[in-house]
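Reader: I am new to this structure and would like a close look at a single part. Please show it to me before we start.

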Amino acid sequence: MSIITYIVDNWGTLGPQAVTHIEIVAMSMAAAALIGLILGVFAARSERFSTLILGVTSTLLTVPSFALFGLLSIWVGLGNPPVIVGLVLYALLPVVRNTATGIRAVDPAVTGAARGMGMSPIQVLARVEMPLAAPAILGGLRQATVMVVAIATVGATVGADDLGQPILEALGRSSGTLVQVLAGVIPVALIGLTADLILAGVQRTLSRGTAREAVG
Amino acid sequence: MITFDRVSKLYGRVTAVGDLSLEIASGEIVVLAGPSGCGKTTSLTMINRLVEPSSGTISIDGRDTAGMDVNALRRSIGYVIQQVGLFPHQTVAENIATVPRLAGWNRRRIAARVEELLEMVGLPPVEYGRRLPAELSGGERQRVGVARALGADPEILLMDEPFGAIDPVVRVRLQNELLRLQKVLHKTIVFVTHDIDEAVRIGDRVALLSQGGVLEQYARPVELLAHPASPFVAQFLGEGRMVRRLALLSVRDAHLAEPNGSGLPAETVGADASLRDALDAVLRAESGRVTVRDADTVLGVIDSESIREASR
Ligand SMILES: Nc1ncnc2c1ncn2[C@@H]1O[C@H](COP(=O)(O)OP(=O)(O)OP(=O)(O)O)[C@@H](O)[C@H]1O
Ligand SMILES: [Mg+2]
C-alpha cells in the first residue's frame, strides 16, 4: 500500500491530529517567543543574568523529552498541557540566546547616537535595538520552531492527540508498519518545512538595512 | 551660553577632566582640541549628560543642566559623532526625522523639515530621502548625520570628530560647508578634534586641553598661533605657526600701499584672499610686489613688508 493512499484513507484521524499538532506548536512558540524575548533583553543587559539563564535553558535541553513531559504531566495533567509547557522550556534557549546576541551586536555608536538624541531606554530598545536584532531573533525562532515541531511528536506518550499518535501506535504494535510510521513523520516534516519557510520570509523582510550594512 | 564651572570627571582614580572652567558664547564655534585621551569627548558629552560630572556644574544660559529632564535636554541639543551612528534600518529621511518625531511633530511638518534639511546639507531630497545609510558614501553619511542633529533646530550642536573618518579633500569641503551653514544658522557649536589644523580653521575660539582635561589655553586661533601660552601649546601647534597663521588673516587686514607712478605689478590677488595666498603671490612676483584687486577696482599694492606688519 502506498503511503499516499494510506494518508488519504486515514485522513479522518490524521487531519485532526495534524491540526492539534500545529496548535500545540503555535501555542508553545507564542509563549516561548514572549518569554524568551524578555529574558533575552535582560541577558543582553547583564552578563551575570546571561550566564545564569543560558545555563538553565541549555540544561533543560539535556532532559529527555518523554521524561520531561512525564514529569510535567504530574503537575498539569495528561494531554496537551504538559507538552505545551515542555516545548516552551525547550524553545527558550535559541530564542534567549539569539535575542541577547542580536541586541549585543548593535553598534554602540548607533545606540549612543540614539541616547544622545534624547531617546529613553525603552525607546532605544523598541526603535533601534529590537529592529536591528530582529534578523537574529527570527533566526532563533526558526531554530526553535523546527525543533519543537519534531519534539511535539513525543507528546503522544503523555496523551497529546497530535501526529505523534500514528507513530506511537505503529511502534507499539508488532503488526505496525513502516507506512504507519511515515504517515506521522511525513506530515510532521511538511509542517516543519512550511513553518521554516514562512519564518525565513519574515526574517528577510525584517533584515532591511542590516544585511547590506554588514557588507558595506 | 554654555558655562563649565569647576567641572571634574573621575573614572575610579583616573581624572578624565579636572576642574574645567570654560565659557562658550552663544553663536560661536568653540573647538575642544588636544591629544588623544585628554578628555575632549568626556567634556563634550557632559554637556548633554551622556556622561555625568563627578563635581562642578554645567549650565546653559544660566540654568544648571543637572536639574533638567535628561531626555528633554538631549532633544534640545544636536549631537554628531565620528562614527555617525545613523540607524541602518531606517531611510535617510527617517533618520533625520528622529528628534522631530520624538518631539511629537505632525507628519506634514516633519516631511517639510526633512526636505529643508536635506537641501541645506546639499543632498537632493528626491534622490536621497529614501536611501538607506548603507547606500551612501562616507561624506554623504556625515552630511546626513549633521542634518539629523539639526532636526528640531536646536540652539546647540555638539560635534565629536565629525569629519575624523573622512579623507582630507572631502574633509576640507565638509569643513567649509559647516562654516557656510554656520553663517546662516548662528548655532552654538562645540566641536571636538585632535587635528589642530581643523581646530584653527573652523574655530571662533579654541580650547586646548592636555592630559587629564587641563585647559592649557582658550583663545582665538590667531591669538593661539601667535602667542602659545605654554611649551605644551607650542608643541601641539607644531612647526610653521606664523606661516599657518597667515591663512587665517585676510589681505584686507594689511596696510596696502598706494599704486604709484611706476605702474601696477602684473601679479594680482583678490581682496578676499588670505595673507598666505598673498605671500605666495609676492614670492612668485618678479618685483616682490602684488596688486590687490576687488573685481575691477584696484585697492592697492602689497609686499612682504606689509604682510609682515599685518601678521604681528
Ligand atoms: N567609561 C570610561 N571608563 C573609564 N575611563 C574612561 C571612560 N571614558 C573615558 N575614560 C578615560 O578618560 C580619559 C579621557 O577620555 P576621552 O574619551 O574624553 O578622551 P578624548 O580626548 O576624547 O580622546 P580621543 O581623541 O582619543 O577620542 C581617557 O584616559 C580615557 O581612558
Ligand atoms: Mg574622543
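Which helix of chain B gives the most to the lining of the largest cavity?

Author: A word first: this is a predicted model. Helix 8 of chain B gives the most to that lining, with 4 residues.

Start with the search itself. Across the whole structure, 3 cavities of 30 Å³ or more turn up. Two elements each give two or more residues to its lining: helix 7 (138-149) and helix 8 (168-185), both of chain B.

Now the lining residues by name. They are B:Met120, B:Val121, B:Gln142, B:Arg143, B:Val146, B:Met159, B:Phe163, B:Leu174, B:Glu177, B:Leu178 and B:Leu181. Sorted by class, 8 are nonpolar, 1 is polar and 2 are charged.

Chain B also takes part in an open space. The second largest pocket has about 370 Å³. Its lining counts 14 residues; closest to the centre are B:Arg201, B:Ala247, B:Leu248, B:Leu249 and B:Ser274. Helix 9 (196-202) and helix 13 (275-284) of chain B each supply two or more lining residues. Helix 9 of chain B gives the most, with 3 residues. The classes here are 6 nonpolar, 2 polar and 6 charged.

Next, the strands of chain B. Four of them form an open sheet in the order 2-1-4-5, with antiparallel pairing. Strand 2 (14-24) and strand 5 (63-64) stand at the edges. Each has a single partner strand, so one side of each has no neighbour in the sheet. Look at one of those edges. Strand 5 of chain B is joined to strand 4 (residues 55-60) of chain B by 2 bridges, and the two run antiparallel. Within strand 5 of chain B, B:Arg63 stands opposite B:Ile60.

Finally, turn to chain A. Helix 5 (residues 80-104) has 25 residues. At 1.5 Å a residue it should span 36 Å, and its end C-alpha atoms are 36 Å apart, so the two agree. Helix 5 of chain A still has a kink of about 35° at A:Leu92, shortly before the proline A:Pro94. This helix of chain A is mostly covered, with 18 of its 25 residues buried.

Back to your question, then. For the largest cavity, look to helix 8 of chain B.

Note on methods: Residues numbered from 1 in each chain as written. Chains lettered and ligands numbered in written order. Predicted model: local features only at pLDDT ≥ 70, side-chain atom pairs only at ≥ 80, totals over all residues. Heavy atoms only, no water. Expected span 1.5 Å × (residues − 1). Bend = angle between axes of the 7 residues up to and from the residue. Buried < 20%, exposed > 50% of the residue type's maximum accessible area, 1.4 Å probe, protein only. 1 Å grid on protein atoms, 1.4 Å probe; cavity = no way out; pocket = protein on both sides within 12 Å on 5 of 7 lines; lining within 4 Å. Points joined across faces, edges and corners; volume = space filled by probe spheres on them. Nonpolar A, V, L, I, M, F, W, Y, C, P; charged D, E, K, R; others polar. Pairing = 2+ DSSP bridges.
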